[in-house]
Amino acid sequence: MTPLSLKKRNANSSSSGSESLNMKQIQPVVEGVLRETPFIDVHTHLFAPAMGAIGLWGIDELLTYHYLEAELFRSSRVTPAEYRELAKQAQADLIWRTLFVENCPISEATRGVIAVLNAFGLPTEGPSLKKARAFFAAQKRELHIKKVFALAGISEVVMTNDPLDPQEAPLWMRGFQRHPQFHAALRLDRIINSWPKHWNILANQGYQVDEQASGKTTAEVRRFLSDWVERMHPVEMAVSLPHTFQYPAEGVCSKLLREAVLPSCREFHIPMALMIGVRYQVNPAIRLAGDAVGRADLRALENICRDFPENRFLVSVLSRENQHELCVYARKFGNLLPFGCWWFLNNPSIVEDMTRERIEMLGLSFIPQHSDARVLEQVIYKWRNTRRTLTSILAGHYRVLCEDGRSVTRRDIQSGVTRLFRSNFEECTGMRNSGLG
Ligand code: RAT
Ligand code: ZN
């Protein structure tokens, strides 16, 4: 069902929402509030419509999502090299045949495609993708985005914007029509994680930097960041970090964080999103699908949160084994806001565990989920799944609160859901006050 806007919902609401709910009423009210509250999707790989072809959408992109490519190589004898030789439609056909026709699409990522097809009334079975291709080809981009956001129950998304990406950077340099529902995030992986491979791009643009990050380098990286903040108006800076990440440490990564990136975040009053725990390219043959996970030493996070008390940090960790520690650190540091069940964690069984623990330890002071969508229509299934999983979890927590002697109202539930899926992020980024984004 299409979520209503906040305004419309309030107008439709027959009661003030302040009456106590009985045990039986709690779950349906939670379900309704989750359905009707438009969420902010705080981390995606989607792009504003005016950014053109780098924004992925439609059935062929949905089927060649790297989560599904990883599954293809488990159920087919095709090699990664043979798969790469195929044109996009042939890759999509192969994945459809292998994972959806010859096998039952029961995994999380395959079921997602089914849910998207179903949301648009398209066939979910059979060998041919003809109808789906015709449907997506007929969509007008702007209108389609509106429809998709409404089906997903989201009001806006945060993109991932890499200033050193050879396809993306020229778009920002030229300028394009910004879209109010697509916020920028200044993503710094190439600078923070692989400076030796990228410093010369900055040097060629006239910044006085060197490979060792000596001399004027950190001041010049700050100048670079300042130029990009002006260009992008990002709601945050962001980086994904390996499971081996240490702070403080010898080397360029620590130095750039300490002397350039975090001071810039402070200067511009924007948070830093740290996504920790990737083991990059354990199988390079399958490219984007080839990253894995490793348990990180979160004392690095402890050191950062303590050493930079004026900075705000949005943090997601990839290893399941790190989740408890992350909650403990969030209890120690008010400048740390845990977000999302990232990547390999975005499966209902794990989301359920993590979310229960976060509520028990942090109340409502975290952001339960982001979609990480790379293909527009994925937000439909990813947010549907989140709402489904969250309904019983939240209802359960409100019911035990009731049992323990505190009445619960619709208003409590509405303000809780709004805090989790909107205002924690709005406050952390200051996006509503600053006009950024
Ligand atoms: O979930 C994903 O698609 C990953 O490949 C990554 O994009 C990860 O979310 C990231 O932002 O680095
Ligand atoms: Zn991502």
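Which pocket is the space taken by ligand 1? The space that ligand 1 takes is the largest pocket.

## Basis of the model

This is a predicted model, in which local features need pLDDT of at least 70 and side-chain atom pairs count only at pLDDT 80 or more, while totals for chains, interfaces and linings use all residues. Residues are numbered from 1 along each chain as its sequence is written, chains are lettered from A and ligands numbered from 1 in the order in which they are written, and side-chain values use heavy atoms, with hydrogens and water left out.

## The ligand site

A pocket is an open set of points on a 1 Å grid over the protein atoms alone, where a 1.4 Å probe fits, with protein on both sides within 12 Å along at least five of seven lines. A molecule sits in such a pocket if more than half of its atoms lie within 2 Å of its grid points.

The residues around ligand 1 (a heavy atom within 4 Å) are His43, His45, His66, Tyr67, Arg187, Met275, Trp342, Trp343, Asp372 and Arg374. Polar side-chain atoms of histidine 45 and tryptophan 342 each lie 2.9 Å from an oxygen atom of ligand 1. For histidine 43, the corresponding distance to an oxygen atom of ligand 1 is 3.1 Å. The protein covers 95% of the 300 Å² of accessible area that ligand 1 has on its own (Shrake-Rupley method, 1.4 Å probe).

## Salt bridges

The count of salt bridges (a side-chain nitrogen of Lys or Arg within 4 Å of a carboxyl oxygen of Asp or Glu) is 21. One of them joins arginine 295 and glutamate 325, with the closest N and O atoms 3.4 Å apart. This pair links distant parts of the chain, 30 residues apart: arginine 295 is in the loop between β7 (292-293) and α15 (299-307), and glutamate 325 is in helix α16 (residues 323-332). Helices (H or I, at least four residues) and strands (E, at least two) are DSSP runs, numbered from the N terminus.

## Backbone features

Tyrosine 247 and proline 248 are joined by a cis peptide bond, with omega about -5°. Proline 248 is placed in the loop between β5 (236-242) and α14 (252-268).

Technical notes:
Polar contact = N/O pair within 3.5 Å; in protein donor to acceptor, adjacent residues only side chain to side chain. 1 Å grid on protein atoms, 1.4 Å probe; cavity = no way out; pocket = protein on both sides within 12 Å on 5 of 7 lines; lining within 4 Å.
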